[in-house]
Amino acid sequence: MEKEDLKGWDGWRRAWGSSGFEGLKAFLSVTNIKTVLSQTVIVAIGSLGMTLIIVSGGIDLSVGSVVALTSVLGATLAAQEWGSFGVIAATVLAGGMIGAINGGLIAGLRMMPFIVTLGMMGVARGLAKWLAKNQTVNYPESAGVNHLMKLEDLDHFLPLPSGVWLAGGLAVLLAILMNRTVFGRHVFAIGSNEATARLCGIRVPWTKAFIYALGGVFFGFAGLMQMTRLTQGDPSGAVGLELDMIAAVVIGGASLSGGTGSVAGSMMGALIIQLLRNGSSLMAWPNYTQEIIIGVVIILAVGLDRWRQSQEPRSG
């Protein structure tokens, strides 16, 4: 193509090619935006729990396994014709119980969160496979709980799946909890300096145990969304999901050292990750390319966090 041919709008369009415009058109379509929001729900809700834990200076590596276990539990109960309320309550409570066990071990025995949650990763995955008898658990598609992630009327932006509204509502509640309550200030204080928080009279062990239990509740919700999206419980699913959630929190501005982070940032981080995956899929890039892109974004986000921390003493 000659240099003169690249001048003006028509030239740029020829250089990019019609396939690029078709891809952009598909990316910005109402159907795709609606799909992206729906696909973001699982990581977004899980990121809320991870935000709470990372801001307090902890980490949870068991999320993927907890999501698999709670999705299998929910599918098993739905297959036994439990009502929607019973399935939702049991799934969320199961996530909260696992979080409480993690928090109890970390706070009570002063064990490292990395070690405890790494062990729980194996325990929860094993329980999921035992409960599902090493196979996927299917339940009737007519189950009422499936409406949480059901996409309807793809030609219009509304109505959105109930899960999208639920994710937004949970984000608002957590933002209020972290920014407008004493408990929220204690979470930031523990993450900034645990020893100082203890000297200030904060009941650090109980607060940390509650943080992990509450995080587990969010992971239970994520498992519920995983189940309703797939309309089955998969004990082998959600592998590596914890990395997406940690990445979303870090991309959203949280520090892995604790004491910093925001709910809005984590939600934006979850949306960015899903947009990257969706854009890569529309461009027909292979999965390994998507993983490389997201990995680079995570490294850049952590690098930016380190650089920001290194600048703080100088500015002070």
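The model is predicted, so a word on conventions is in order: local features are taken at pLDDT of at least 70 and side-chain atom pairs only at pLDDT 80 or more, whereas totals for chains, interfaces and linings use all residues. Residues are numbered from 1 along each chain as its sequence is written, and side-chain values use heavy atoms, with hydrogens and water left out.

I begin with helix α10, residues 204-230. Helices here are DSSP runs of H or I with at least four residues, strands are runs of E with at least two, and both are numbered from the N terminus. The expected span of a helix is 1.5 Å times one less than its number of residues. How many of the residues of α10 are buried? The count is 21 of the 27, so the helix is largely enclosed by the rest of the structure. Buried means under 20% relative accessible area, exposed means over 50%, and partly exposed lies in between, with a 1.4 Å probe and protein chains only.

F218, in α10, is buried, with a relative accessible area of 6%. Setting aside neighbours within four places in sequence, F218 is in contact with I45, L48, G49, L170 and L174, where contact means heavy atoms within 4.5 Å.

Just after α10 comes T231, with a positive phi of about 55 degrees. T231 sits in the loop between α10 and β2 (232-233) and is partly exposed, with a relative accessible area of 25%. A238, in the loop between β2 and α11, likewise has a positive phi, of about 60 degrees, although it is not a glycine. A238 is buried, at 15%.

Both Q226 and A238 lead us to the largest pocket, for they are among its lining residues. A pocket is defined on a 1 Å grid over the protein atoms alone, as an open set of points where a 1.4 Å probe fits, with protein on both sides within 12 Å along at least five of seven lines; lining residues have an atom within 4 Å of a point. The volume is about 300 Å³, taken as the space filled by probe spheres set on the points, which are joined across faces, edges and corners. The lining consists of Q39, I42, V43, Q226, R229, A238, L241, D244, Q274, R277, N278 and S281. Two or more residues come from each of α3 (30-55), α10, α11 (241-251) and α12 (263-282). Which element gives the most to this lining? That is α12, with four residues. By class, the lining holds four nonpolar, five polar and three charged residues. Here Ala, Val, Leu, Ile, Met, Phe, Trp, Tyr, Cys and Pro count as nonpolar, Asp, Glu, Lys and Arg as charged, and the others, Gly among them, as polar.

I turn next to helix α6, residues 113-132. Its 20 residues reach 28 Å from first C-alpha to last, close to the 28 Å expected. The buried residues of α6 are V116, T117, M120, A124, R125, A128 and A132. They cover an arc of only 165 degrees around the axis, which puts them on the same side of α6; the arc is that of the directions from the helix axis to the C-beta atoms. In general, an α-helix has 3.6 residues a turn, so residues three or four places apart point the same way. The cover over the buried residues of α6 includes α4 (63-79), α5 (84-108) and β1 (137-138). Just after α6, K133 takes a positive phi of about 55 degrees.

Finally, some remaining local features. The peptide bond from L158 to P159 is cis, with omega near 5 degrees, and P159 is placed in the loop between β1 and α7 (162-180). G252, in the loop between α11 and α12, touches S262, G265, S266 and G269, not counting residues up to four places away in sequence. V297, in helix α13 (residues 287-315), is partly exposed at 23% relative accessibility. Leaving aside its neighbours within four places in sequence, V297 is in contact with I251 and L276.
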